Amino acid sequence: MRILLLCSSFNGLTQRAWLELRRAGHDVSVELALSPEVMLEAVQLAKPDLVICPFLKEKVPAELWRGQRTVIIHPGPPGDRGPSSLDWAILEGAAEWGVTALQAVEEMDAGPIWAYRMFPVPAGPPRKSALYNGPVADAAVELVLEVAAKAGDPAFVPEPLDYARPEVVGRLRPAMRRADREVSWAEPTAEVVRRVRAADGSPGGLAELCGMRVRVFDVYPGPALAGTPGTVAGRREGAVLVHTGDGSVWVGHLRAEEPGAVKLPAVSVLGERVAEAQERPGYSEITYDRGDGVGVVSFDFYNGAMSTDQCRRLAAALRYAAAQDTRVLVLRGGEVFSNGIHLNVIEAAPHPELEAWTNINAINQVCRELVWCTGQLVVTSVGGNAGAGGVMMGLGADRVIVREGVVLNPHYRTMGLFGSELWTYTLVRRVGAREAARLTGEALPIGAREAVELGLADRAVAGSRQAFERAVLEYAERLAADPGYGRLLAAKQAARDADERRRPLEAYRVEELAEMSRDMFDDRSGFRQAREAFVHKRKADRTPPHLAVHRELSGTSLPGASHM
């Protein structure tokens with residue numbers, strides 16, 4: 001079928017839907033829902049059999065849904081309505097939640113139901129972003145495929161919304177107000193964590209800290225400390241420890257509640273207000289664990305962004321791990337594996353271009369540690385989405401294992417960068433020069449199975465995040481115990497030596513940085529504007545041109561319209 005995806009942004013969820021529908025054999029177009037006119041023009045151009053709107057924030061024009069089958073994927077169980085579904089689910093401690101595919105009608109989220117999925121909500125509570133990118137996204141992609149299948153069945157008729165039916169467990173909920181986001185540090189730690197996580201990563205909890213009005217993100221329960229609620233008890237790795245009503249909470253990121261402010265590590269936002277705060281243990285973005293022949297370096301950087309300081313700490317952790325008497329080293333990422341350099345920190349720096357340069361050199365050192373770890377076999381565990389330098393960084397390992405459902409964006413073009421992270425060596429080594437040029441030039445996402453088919457990854461593993469990490473660890477343990485381990489390690493060392501003689505790794509780094517210097521300091525490809533738009537969440541005024549790579553429907557190009 002011809003399917004048009006109308007979306008608010010071409011984010012990880014929309015990319016997964018696009019990938020899975022294409023893999024199922026459908027002809028898929030993508031359009032950003034920038035205005036009613038753009039949406040209508042897109043339908044006229046694409047002439048789809050079906051329009052699917054994954055978590056669309058904008059209202060679909062009546063002229064569109066009256067003349068075209070249009071299905072909304074809503075992040076709530078049957079009967080749930082309103083724009084703050086996930087926020088309320090987390091704040092109210094729902095034990096079970098769902099995703100519903102429903103037909104567009106005049107009243108938002110009230111159309112006939114095509115299908116739905118239910119799933120348990122972690123008691124944690126989860127961050128909204130983690131819930132969205134995890135079970136919600138998994139359910140949404142399943143529904144997209146089911147909707148496409150049902151649309152091809154002329155006998156299928158969706159069920160009208162009927163609150164008398166037992167499966168219709170949702171209700172109309174209002175949009176969350178500022179008052180619902182207010183965080184009182186005097187509340188128990190569990191309540192503070194729940195309120196902030198219901199708003200993470202947007203718009204964040206509202207609070208006052210050190211005399212500043214701030215948005216609060218990225219929180220974790222701290223130790224049971226006695227102290228005045230709302231005062232800072234310590235700091236570590238960019239986070240601050242804040243007293244609560246019955247203990248404390250680690251706050252990783254803040255954004256000043258003022259125009260133009262950027263979400264940053266909490267210590268950077270509070271500045272001199274916490275300069276005298278003592279360093280405290282109990283919070284770490286990077287850990288090292290070792291077992292039977294296997295060492296695991298785990299890192300979990302908020303939203304996958306890696307600042308200069310974080311890169312330096314990760315490089316030091318890898319050097320330490322490489323010096324241990326283990327046989328296999330596993331590099332394990334967090335909720336988002338990595339998206340490369342930290343654009344927010346760069347944008348907020350006094351000299352952004354200089355900070356970008358420092359940052360790219362620091363992440364390159366991480367990549368170098370992986371490639372030059374010749375005393376052990378190295379496995380990269382990609383359990384979350386990755387983009388740009390975050391993809392390339394992981395390719396320095398001997399084995400790359402990805403979780404099914406993960407979306408990779410192995411390119412830099414949309415940010416106006418040539419790229420570094422030794423990609424001209426590691427990516428080409430894996431997929432060949434021609435395929436590397438295509439991936440970086442087309443700037444389109446790829447899925448886990450496609451990554452394996454291309455040779456970008458070695459295997460894809462299905463299952464939950466926890467099951468995936470267990471499977472990778474078991475694989476690493478088998479690799480460490482393999483009778484042929486010595487032969488594998490010797491072959492790795494010989495290959496690295498041969499590659500170094502052919503062309504030193506330093507030559508790749510220097511050539512990449514020569515290109516990056518022109519992008520960062522001369523701004524030859526629009527890095528400054530792309531970075532500012534990303535950091536300040538500026539709404540696009542057209543569907544990005546790189547999404548129009550395969551557009552062949554018309555000889556004319558309508559603003560905002562593209563065909564994939």
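Buried means under 20% relative accessible area. I keep that cut-off at hand, as I am reading a predicted model.

**Entry: Asn-359.** I looked up Asn-359 first. Its relative accessible area is 0%, so Asn-359 is buried. I found Asn-359 in helix α11, which covers residues 352-371. Its side chain reaches the backbone oxygen of Met-306 at 3.0 Å. I then listed contacts, leaving aside neighbours within four places in sequence. Among them are Ser-307, Thr-308, Cys-311 and His-342.

**Entry: the cores.** Which residues have the most contacts inside the largest nonpolar core? I noted Trp-185, Val-251, Leu-314 and Leu-408, in a core of 87 residues. Helix α11 gives the most to this core, with 8 residues. Another core, of 46 residues, lies apart from it and includes Phe-55 and Met-176.

**Entry: salt bridges.** I count 45 salt bridges in the structure. Arg-127 pairs with Glu-335, with the closest N and O atoms 2.8 Å apart. Arg-127 lies in the loop between β6 and α5, and Glu-335 in the loop between β15 and α10, so the pair ties together parts 208 residues apart in sequence. Arg-127 has a relative accessible area of 9%, so Arg-127 is buried.

I went back to α11 for the next pair. Arg-531 forms a salt bridge with Glu-353 at 3.6 Å between the closest N and O atoms. Arg-531 sits in helix α19 and Glu-353 in helix α11, so this pair ties together parts 178 residues apart in sequence. Are Arg-531 and Glu-353 buried or exposed? Both are buried.

Last, I checked Arg-503 and Glu-511, whose side chains meet in a salt bridge at 2.6 Å, N to O. Arg-503 is partly exposed at 27% relative accessibility. Glu-511 is partly exposed at 47%.

Note on methods
Residues are numbered from 1 along each chain as its sequence is written. This is a predicted model: local features need pLDDT of at least 70, side-chain atom pairs count only at pLDDT 80 or more; totals for chains, interfaces and linings use all residues. Side-chain values use heavy atoms; hydrogens and water are left out. Helices (H or I, at least four residues) and strands (E, at least two) are DSSP runs, numbered from the N terminus. Buried means under 20% relative accessible area, exposed over 50%, partly exposed in between (1.4 Å probe, protein chains only). A polar contact is a pair of N or O atoms within 3.5 Å; within protein, one must be able to donate a hydrogen and the other to accept it, and residues adjacent in sequence count only if both atoms are side-chain atoms. Contact means heavy atoms within 4.5 Å. A nonpolar core is a set of buried Ala, Val, Leu, Ile, Met, Phe, Trp, Tyr and Cys residues joined through side-chain atoms within 4.5 Å. A salt bridge is a side-chain nitrogen of Lys or Arg within 4 Å of a carboxyl oxygen of Asp or Glu.
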